[in-house]
Amino acid sequence: MDTMIADSVEQILQVCCDPQRVRHVEADPRGKAASTMWEVLAQSGFIDALCPEHMGGAGLGWREAAPIVFACGRHALPLPMAATLLVRAALAEASIDAPSEPVAVASAASVLDDGSVRADAVPFGLAAGWVLVRLPAGDRLLPLDGASRSPFGGRGSLSADIRWPAVPAASISLPPATDQAICWRATMAALTAAQMAGAAERVTVMTIDHANNRNQFGKPIGRQQAIQQQISVMAAQSFAARMAASIALGGAGWRVHPDAAAVAKARAGEAAILVAAIGHAVHGAIGVTEEFDLQLYTRRLNEWRMEYGGESYWNGVLGRTLLQGDMNALDFTRILTAAT
Amino acid sequence: MISELPFVDIPGEDESLRQSVRRFVRDYVADLPPDIRARSWLGFDAEFSRQLAARGWIGLTLPPEHGGHGRGHFARFVVAEELLAAGAPVSAHWFADRQSGPLIAKYGTEAQKRFYLPAICRGEAFFCIGMSEPGAGSDLASVRTRAGKTADGWQMKGHKIWTSNAHHSHYMIALVRTSGVPEDRQRGLSQFILDLKSPGITIRPIRDAAGDEHFCEVFFEDVELGDDALIGSEGTGWEQVTAELAFERSGPERLYSSSVLLEEWLDAIRRRARSGKELRPSDQVLAGRFASHLTVLRALSVSVTCKLEAGESPVVEAALVKDLGTEFEQAVPTLIADALAATPDEEPVPQLARTVAYLTQVAPTFSLRGGTREILRSMIARGLGLR
Ligand SMILES: Cc1cc2nc3c(=O)[nH]c(=O)nc-3n(C[C@H](O)[C@H](O)[C@H](O)COP(=O)(O)OP(=O)(O)OC[C@H]3O[C@@H](n4cnc5c(N)ncnc54)[C@H](O)[C@@H]3O)c2cc1C
């Protein structure tokens with residue numbers, strides 16, 4: 001099952017999301033290239049992977065669907081596929097029809113005194129049609145029609161500062177969470193960690209490839225022990241990121257345990273630093289050019305690291321839980337892993 | 001090549017061993033101070049090992065027909081984890097349980113299995129690992145200790161060093177040259193099981209910087225060995241040693257060397273908080289960092305165990321997890337030292353300070369024993385397709 005999903009997502013993304021198309025979408029996140037790419041994904045059915053079968057979905061949990069998210073990272077998918085999967089699952093559970101456009105999830109949002117709604121640095125905000133926000137009145141899915149958005153990140157970034165003059169009439173209310181466990185930020189942190197693991201894998205593979213093909217001093221640089229040691233570190237970090245995300249996405253449903261999400265995002269963030277740095281070091285100057293694909297993935301590693309809370313934030317959350325309880329570290333770890 | 005390490009669970013039947021092991025172990029070590037428990041798999045206590053054996057917790061991976069429990073690697077993982085996390089003095093049986101027993105089970109003759117395995121499982125036969133020599137550390141294939149064929153067996157001459165527990169052990173499994181010259185490298189090496197009481201063997205403990213004597217020099221002066229001392233085939237020593245090292249490197253002992261310190265530190269912070277002091281943000285972040293690393297490492301280690309259980313020999317994967325694991329084990333004392341020194345105006349906790357001091361002194365060995373960090377990374381690089 002796992003490899004079947006992984007293989008078919010891989011095939012689809014290879015065709016619809018090659019590096020040139022990624023660049024086109026980044027250049028114009030709501031243009032033709034973006035809508036064509038989204039159509040392919042929407043028609044693939046993967047966006048309803050987590051919806052129950054009686055609602056036309058595949059009825060999977062993250063345990064089976066995680067390969068989709070890893071693949072999004074591996075291909076630098078410039079659309080909020082993971083967030084859309086999540087929100088569609090939550091809507092389906094509440095028997096609410098989902099909009100057909102891609103959905104982003106805000107890490108934080110607020111209603112200002114004049115009734116306007118503000119969400120800053122929304123990941124994929126430039127490429128989404130809707131944004132899920134947690135407001136004091138409850139969770140709302142807000143259409144981006146009529147909202148103003150401005151780019152938040154650096155070059156190529158899809159993240160946006162968004163303002164709605166008021167809560168739009170067309171917004172969709174999600175039912176109040178019956179279980180406290182739905183923390184969108186934590187869930188998105190786990191999904192972002194999985195995308196980071198995918199991107200880290202891609203950077204590692206590219207780096208091994210480059211080391212075997214680039215000749216200096218009459219032989220491939222990959223024969224130099226200094227390079228081998230660096231790449232070995234990078235591979236180990238990439239394995240750690242993948243495992244961190246797999247733990248958080250190990251559950252049977254679409255919910256993610258917040259402690260496991262904390263592990264995922266904190267650990268993947270640390271891994272991303274080393275993977276991006278070593279990837280660039282081994283590539284030399286070519287690696288920082290616009291034309292060479294490496295930057296598509298390392299840029300995301302660095303950007304995703306900061307989204308939905310970084311290492312210190314999630315380690316702090318996790319550490320507080322650990323210290324406020326009386327479990328030893330081994331049991332804390334064991335139970336956290338078993339809970340997913 | 002390197003394969004994926006999927007997230008897997010420890011099967012429930014193996015997990016169910018945990019609570020009884022824990023009760024026994026925690027009880028046994030209750031009176032030992034943390035800086036002593038921090039010795040963990042360097043700590044020797046023959047009585048402890050015999051009591052564990054009596055409860056059926058040694059030889060879990062060994063075949064029942066030879067006194068083992070046929071439970072497999074997950075069961076051993078659970079027991080090992082409980083022993084290490086508590087800082088139990090496990091070294092007496094550790095090497096036999098981890099690698100010598102499995103080696104004998106895999107390559108030994110029926111007679112060797114009948115002779116050694118039941119005694120290992122009873123906690124009565126302690127083994128040490130004779131690989132390193134003064135001239136052969138990382139470059140293990142250059143060993144010079146030799147065994148030559150005699151009319152009714154072998155005669156051995158040479159010198160091993162850094163042999164953990166040689167002075168407490170009954171037997172050594174030694175890697176020696178049986179044909180050719182050191183320049184032949186991997187060819188012409190064989191493994192022997194030596195009774196350490198044999199005439200011609202001298203064992204001299206070496207004191208480490210913390211004042212402990214856990215490893216030794218071992219000298220062989222024309223030691224006479226029977227034909228039945230050879231384990232496996234003559235000339236296949238290298239292949240056997242490689243399989244043995246996969247057992248050595250893949251276990252949970254590569255995550256828990258600083259576990260006693262970690263638990264003591266967490267407890268100290270909790271006590272500090274209970275005394276009314278505020279929980280410092282930096283301590284929360286550090287505690288969380290330890291937890292996130294440990295969680296991921298442990299899951300990776302369980303995943304390697306799953307490969308062992310499936311009969312694979314995950315040599316490269318084990319090297320990768322060991323490399324990450326020793327980095328964590330070394331980071332724990334380093335970062336806790338900084339956290340403790342961040343409050344110079346507070347009263348220090350003496351036993352915590354002693355534990356930090358001890359671990360700081362021995363932490364460099366974590367990434368030496370069982371193959372150095374640099375050697376492991378070269379193996380991983382090869383597994384990744386470099387070279
Ligand atoms: C606590 C402890 C217990 C031990 N127990 C045992 C035991 O029970 N049985 C046993 O047989 N041995 C044991 N050892 C020995 C251990 O296996 C060796 O220390 C280890 O293999 C390294 O050998 P060495 O110390 O001679 O260092 P060396 O091989 O001299 O290495 C020194 C440095 O050079 C580096 N280096 C060497 N070759 C290369 C290379 N090709 N590329 C890059 N860097 C290189 C190493 O990585 C290291 O940084 C133990 C060691 C310790 C510390």
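A polar contact is a pair of N or O atoms within 3.5 Å, where, within protein, one must be able to donate a hydrogen and the other to accept it. Keep that handy for these exercises on a predicted model.

**Exercise 1.** Work out how domain 1 and domain 2 of chain A meet, starting with how many residue pairs are in polar contact.

*Solution.* 
- Step 1: Count the pairs. Between domain 1 of chain A and domain 2 of chain A there are 22 residue pairs in polar contact, both residues at pLDDT 80 or more.
- Step 2: See which elements take part. Helix 2 (19–27), helix 4 (62–74), helix 5 (81–93) and strand 4 (130–135) of chain A each bring at least two residues to domain 1's side. Helix 4 of chain A gives the most, with seven residues.
- Step 3: Sort that side by class: you get 23 nonpolar, seven polar and eight charged residues.
- Step 4: Look for salt bridges. Check A:E26 and A:R300: their closest N and O atoms are 2.6 Å apart, so the pair passes the 4 Å cut-off.

**Exercise 2.** Now describe where chain B touches chain A, and say how much area is buried between them.

*Solution.* 
- Step 1: Count residues. Chain B puts in 50 and chain A 47.
- Step 2: Get the area. About 4,100 Å² is buried, with carbon and sulfur atoms giving 65%. On chain B, the residues losing the most area to chain A are B:F7, B:R270 and B:L386, together 16% of what that side buries.
- Step 3: Find the salt bridges. There are three across this interface. B:E15 forms a salt bridge with A:R334, with 3.0 Å between the closest N and O atoms.

Technical notes:
Residues are numbered from 1 along each chain as its sequence is written. Chains are lettered from A and ligands numbered from 1 in the order in which they are written. This is a predicted model: local features need pLDDT of at least 70, side-chain atom pairs count only at pLDDT 80 or more; totals for chains, interfaces and linings use all residues. Side-chain values use heavy atoms; hydrogens and water are left out. Contact means heavy atoms within 4.5 Å. Buried area is the accessible area (1.4 Å probe) that two parts lose on being put together, summed over both. A salt bridge is a side-chain nitrogen of Lys or Arg within 4 Å of a carboxyl oxygen of Asp or Glu. A polar contact is a pair of N or O atoms within 3.5 Å; within protein, one must be able to donate a hydrogen and the other to accept it, and residues adjacent in sequence count only if both atoms are side-chain atoms. Helices (H or I, at least four residues) and strands (E, at least two) are DSSP runs, numbered from the N terminus. Ala, Val, Leu, Ile, Met, Phe, Trp, Tyr, Cys and Pro count as nonpolar, Asp, Glu, Lys and Arg as charged, and the others, Gly among them, as polar.
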